[in-house]
Amino acid sequence: MIDEAGMAMRIEGLSRTFGPGCARCAGDRESSLERNYCPDCGTVYALRDLSLELYDGEVLGVVGESGSGKSTILNCLYFDLAPTSGSAFISSYRGGERDIFSVSSQERRAIRNRLLGKVYQNPTQGLRMSFSAVSNIAERMIASGSRNVSAMEARAVSLLSHVNIAPLRMREAPERFSGGMQQRVQIAKALSTNPPILLLDEVTTGLDLSVQAKVLDLIKEIQRELGISMLLVSHDLGVIRMLADRTLVMLDGRIVESGLTDQVLEDPQHPYSQELVHSML
Amino acid sequence: MKGRGLYNFAFFDEGSKREIRRAILKAIAIPGYQVPFASREMPIARGWGTGGLQITLSIIGRGDVLKVIDQGSDESVNAVSIKRLVACTTGVETTEETARASIVQSRHRIPEERLRPGQVLVLQVPIPEPLRFVEPSEYATKRLHAEKEYSGAYLALFEEIIRYGRVSTGADHPVMVNGRYVMAPSPIPRFDNPKLDMPEALILLGAGREKKIYAVPPYTRVASLDFEDHPFAVETLEGRRCRICGSEGVYMDEIVDESARSRSWQCNDTAWCAARARASRAPGGNASGGCV
């Protein structure tokens, strides 16, 4: 539970495994696992007893190589994936006293629609590609109980202009948009119900540099204006350096280093963090 | 008749009828809920009314009077074939008069004449899942129903308003049944949706290909989905008058005469139209008497 003022979210002992497990990896994982999987039964330990705290208005960066479990954290938090064990608390949900993984699926849907917003790396996961951009944004509002078309339309139009989608194209389907535009529609959608926490999964990966800069500017601006707490997953240290206040370094499903972003990037302690920072172009 | 004796009464074996009746009873007990059932192979192709036909064959008894219509017409090929199949295997009386029928099987329309207590309306359904358009997975839609999560149905209507400025469902406008389940009313025009609300007759819906049966029991609240600022509205029929019987305010077909470059309107419900036409031809005569 959350008992500290100013804390937006707390994750305790989050684990997620893929596979049946066996006698060997059920015991002492430290010595039996090869990186994050068991060489005997092939079970992958994607997240291993992970705990973290996110504070109000903070951007918490999560870096790590591909397969280190970064996205799995967000997938669990957004209920796209059920955790194997662990709990999470959100200060805006029942005062942070109830583990969000233990509530009913209706409650989970409500948390997803009202308290969390997620921007997926791949826009096809976060958007209905054949529905208009306006409808995509209205979807979350409809799910939160709104039944007024003009109010939802007005909100969608204002959010879309905020993320620089031309008014002419708002009624078009995102399948006809460029990658950067799709990503900006996703951000607008995530913001539509004013969630206190935003989950960002590799938002700029695959976008060209000028579009990346625009998306990053937008996120920075939203964070400054609305004071939303963000959990930002990226393997791009440039993005982390620009946006994150604090940074966690993940390796094989665990956090190996954490601290202020500048500190982690300038003076990395863990051998993997050092390698990561040194391989920055 | 030729079919009698070759087949069991009403074509099906008794076990099949019982199984389908069980599904119907469950459907009545949970208004608007799609009950899966073991849809049989029928002597007509799936998608041609096998769901409705299986319901009709399961509930029909020797004392019943059957009417079958297809898009309002008693005389379309499909309606006649179904009617003949049931009549041949049961020997029940058939009729075109809505008021005389105890079972009315219909495709895409609810008769104009208000159904009475004791009558059963059987509707043929192509796609029973109202959320199919927004969620292709049956596994997912079952969960959405269980959780009463219907934003997808509203989203589909919202998208129409955004694209076309109004709700443009030509048919099959989704309804909320008894405040619990969102239901596809089968492709009836919006004009017929209000007839589903607090009906006096029992309404059974069958989807043979999709293997689902659902129901609106008598006196059940059925509300068409809409938005606060876009309330549900039926098709406008203003200024349309039937060229045969002179009816107004009923659902009309548009008749285009290309050689005369003109168009006119005609009642979609043929039994309604014929009765009105007879009444106007013979003043003082009984509007609902006799066959056409």
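Guide: Let us start with burial: a residue is buried if 20 or more other C-beta atoms lie within 10 Å of its own, exposed if 12 or fewer, and partly exposed in between, with C-beta atoms placed from the backbone. By that count, buried residues make up 46% of the 281 residues in chain A. This is a predicted model, where local features need pLDDT of at least 70 and side-chain atom pairs count only at pLDDT 80 or more, while totals for chains, interfaces and linings use all residues. Residues are numbered from 1 along each chain as its sequence is written, and chains are lettered from A and ligands numbered from 1 in the order in which they are written.

Visitor: Thanks! What is the secondary structure of chain A?

Guide: Helices (H or I, at least four residues) and strands (E, at least two) are DSSP runs, numbered from the N terminus. Chain A has 12 helices and nine strands. Its radius of gyration, taken over C-alpha atoms, is 19 Å, close to the 19 Å from the globule rule (2.2 Å times the number of residues to the power 0.38) for 281 residues, so chain A is as compact as a globular protein of that length. Its C-alpha trace spans about 60 × 45 × 40 Å along the principal axes.

Visitor: Is helix 3 of chain A mostly covered or exposed?

Guide: Mostly covered: eight of the eight residues in helix 3 (residues 70-77) are buried. Among them are Lys70(A), Asn75(A) and Leu77(A). Just after this helix, Phe79(A) takes a positive phi of about 65°.

Visitor: Which residues have the most contacts inside the largest nonpolar core?

Guide: First, the general idea: in soluble globular proteins, nonpolar side chains tend to be buried together. A nonpolar core here is a set of buried Ala, Val, Leu, Ile, Met, Phe, Trp, Tyr and Cys residues joined through C-beta atoms within 7 Å. The largest one has 138 residues, and Leu231(A), Leu232(A), Ile203(B) and Leu204(B) have the most contacts inside it. Helix 5 (residues 151-164) of chain B gives the largest share of this core, eight residues. A second, separate core of 13 residues includes Phe191(B) and Tyr251(B).

Visitor: How many residues of chain A are in contact with chain B?

Guide: Two residues are in contact if their C-beta atoms, placed from the backbone, lie within 7 Å. On that basis, 17 residues of chain A are in contact with 14 residues of chain B. Helix 6 of chain A supplies the largest share of the chain A side, six residues.
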